[in-house]
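Please look over the structure below with the briefing that follows, which is arranged by topic for a reader who wants the cut-offs stated beside the terms.

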Amino acid sequence: MPLALLVSAALAAGAAQAQIKIGVTVSATGPAASLGIPEKNTFSIMPKSIGGKTVEYIVLDDASDTTTAVKNARKLISDDKVDVIIGSTVTPNALALVDVAAETETPIISLAASSRIIEPMDAKRKWVFKTPQNDSHMASAITGHMADAGVKTVGFIGFNDAYGNGWYDEVAKFADVRKLKIVANERFARNDTAVTGQILKIMSANPDAVLIAGAGTPAALPQKTLKERGYKGKTYQTHGVANPDFLRVCGKDCEDTFLPAGPILVASQLPAGNPIRKVALDYIGKYEKAFGAGSFSTFGGHAWDSGMVLERAIPEALKKAQPGTKEFRAALRDAMEKTTDLTVSHGVMNMTANDHLGFDQRARVMVEIKNGAWTLVGDAK
Amino acid sequence: MDGSIAAILAQDGLTTGAIYALLGLALVLVFSVTRVIFIPQGEFVAFGALTLAALQTGKFPLAIWLLLALGVVAFVMELYALWREHVRLVPAAVLRAAIHTMLMPTLVLIASLLLPQGQWPMLLQVAFTLAIVVPMGPLIYRVAYQPLASASTLVLLIVSVGVHYALIGLGLVMFGAEGARTEPFTDLRFSVGALQVSGQSLAVIGTAVLLILALYLYFERTLSGKALRATAVNRLGAQIVGIGIAQAGRLSFMLAAAMGTLCGVLIAPFTTVYYDSGFLIGLKGFVAAIIGGLASYPLAAAGSLLVGLLESYASFWASAYKEVIVFTLIIPVLLWRSLASPAHDDESEE
């Protein structure tokens, strides 16, 4: 009898502190640190209770390393018994987590961009969701803008990794539709000290526009070299550069550059009728209150959006099962898949069984760098 | 490729080659004197560039705290060594240890607090950067390498890997994940025929040549330079004639740190430097040093130019395989070296 009492007391105590545990693995150090740090920061301002339950975020750093990301995910699932995992920051890490998600039947929300993380939909990817736009969203915006501006020939220079190669594939796909010809295809590395050779080769092909597919401040180097060599055509960057440090490093050499980005980048310039404006400004306000004015970046927005998806899905899942159980994880997965009309800081989500992102063209705007600031191009209703 | 493109690429290759030359020479110097394969050489490049950038944006360079911490650790280690030797601490010896380890960091800290904020002239910024980063060289030697000075090359290499990772991590904490660029020394540009020559690359090549000349004079004409050379030729012999091994080690690390920091200051205006940029740059200097067999200064310098030019032309012809091409260079070089020189065992030298 005393034993039974003890056990039931222990169970009751367990139920009283029944929390929802969210495991996070982001790349707060290593090559992707500039993306991972704002993501990590964002979790500190996320809601501490959802659907009447307290929420605990267990944030781990995977140092931009794939093996560590997998190790983190396994630890979060087996030791901490988390209900859902958010992460990781970069595509290779996120892809590696797909297997872990399927094997342990734990839903994962990826903060990395590649569409391969959630496509093609299969039994494993059933467990995987993501919040950043697909590269194809962005590539269609860029090539559309090029076509409208009368560009016929494009020179491409991208990172010598999955990011650059993925972008090249996407742009090549759209190039036919938009009647663009890719006349040069070059690669550079994040830590390169010079890209003169590549730029000279591109310029000898004399393209109307050059697209630089790099992330963060390293993408400034090709642009500076283009300016230095007197290139007169248009330059395009990808959304990977959308952080204030890029503007700081690139300075006046990046004037008049076009890039696609999530609407959050120019949230305050969005028209008042755009629902994204309010959500994005709300996040920026909270983030900058905690980490200083001008400190937000679009990457942190992806993390915030993952929280918004959970805020919508967790109350639904709670109707079916208790947190910490296999049933709850499955219910959470089902609920996330049914996310409809959810306005997040990067767009409006309508997920389906086949589309675990659910963004449409509202999730990207074209931006021009003017006077060292991001300036919205077009009206973006 | 036409003539003008070839010329631009050559100019570019020579500029980066000059940087690799300085790093390659520093690696040869450190290895020949202390048998340390100094992997963290590149970190001084990043620290130098980022400290200068911090000074230019009016931020307090956090590297000063690292310098101070290294000084304190080195001082404590010195005290412990003294205590083990003499059982009680002789005031004069303690004072000497304090001057060796704590003087520079303290001076730098005081200077940083006293000097007015705001824009300083470029030369002062560079001098202050050197004053912050260069003393780290001998302090790192004192803390990480000196206690193991007589260990095998392999152990010293493993220590180097450890020091490299520690410095990279500290670099991320001190400078953040994003890169920085400094203001150019000069906007000067002039054309020679079809070729646009930038004053910036002339400054780099000029500084490298001057530094190599200065090193030559130092090794040929000064007593401490000759002592370093003697240690490199025969450590035991040098010790017998009264050259302190630890002293020579500290000196070689200081020179290496100075050359690394100067490289950082030189490249910072035309490329974005990150907390972890130094490693790859240092590695290419290492390829150059390997070409010189980690022993010959002129061969290392020539190798650096080769690496720089190869990299520049490779980035034009096959940008996706640039690094592969540069690092593959090491294979034929190693083959040639092992065929050309009779096999010798590293550990049996002493």
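The C-alpha centres of domain 1 and domain 2 of chain A lie 31 Å apart, the domain bounds being taken from an automatic or database domain assignment. This is a predicted model, in which local features need pLDDT of at least 70 and side-chain atom pairs count only at pLDDT 80 or more, while totals for chains, interfaces and linings use all residues. Residues are numbered from 1 along each chain as its sequence is written, and chains are lettered from A and ligands numbered from 1 in the order in which they are written.

**Domains of chain A**
- The assignment gives domain 1 as 19-133 + 299-339 and domain 2 as 135-261 of chain A.
- Eight residues of domain 1 of chain A are in contact with ten residues of domain 2 of chain A, where contact requires the C-beta atoms of two residues, placed from the backbone, to lie within 7 Å.
- The side of domain 1 of chain A that touches domain 2 of chain A has three nonpolar, five polar and no charged residues; Ala, Val, Leu, Ile, Met, Phe, Trp, Tyr, Cys and Pro count as nonpolar, Asp, Glu, Lys and Arg as charged, and the others, Gly among them, as polar.

**Overall form of chain A**
- Along the principal axes, the C-alpha atoms of chain A fill a box of roughly 85 × 45 × 40 Å.

**Sheet in chain A**
- Chain A has twelve helices and 15 strands, these being DSSP runs numbered from the N terminus (helices H or I, at least four residues; strands E, at least two).
- Six strands of chain A form an open sheet of mixed pairing in the order β2-β3-β1-β4-β5-β6, two strands being paired if DSSP finds at least two bridges between them.
- Because β2 (49-50) and β6 (128-130) of chain A each have a single partner strand, they stand at the edges, with one side of each left without a neighbour in the sheet.
- Strand β5 (residues 108-110) of chain A pairs with β6(A) in the parallel sense over three bridges, and Ser110(A) stands opposite Lys130(A) in β6(A).

**Contact between chains A and B**
- The contact takes 26 residues from chain A and 25 residues from chain B.
- On the side of chain B that touches chain A, α1 (3-34), α12 (277-291) and α13 (297-317) of chain B each supply at least two residues, and the largest share, five residues, comes from α1(B).
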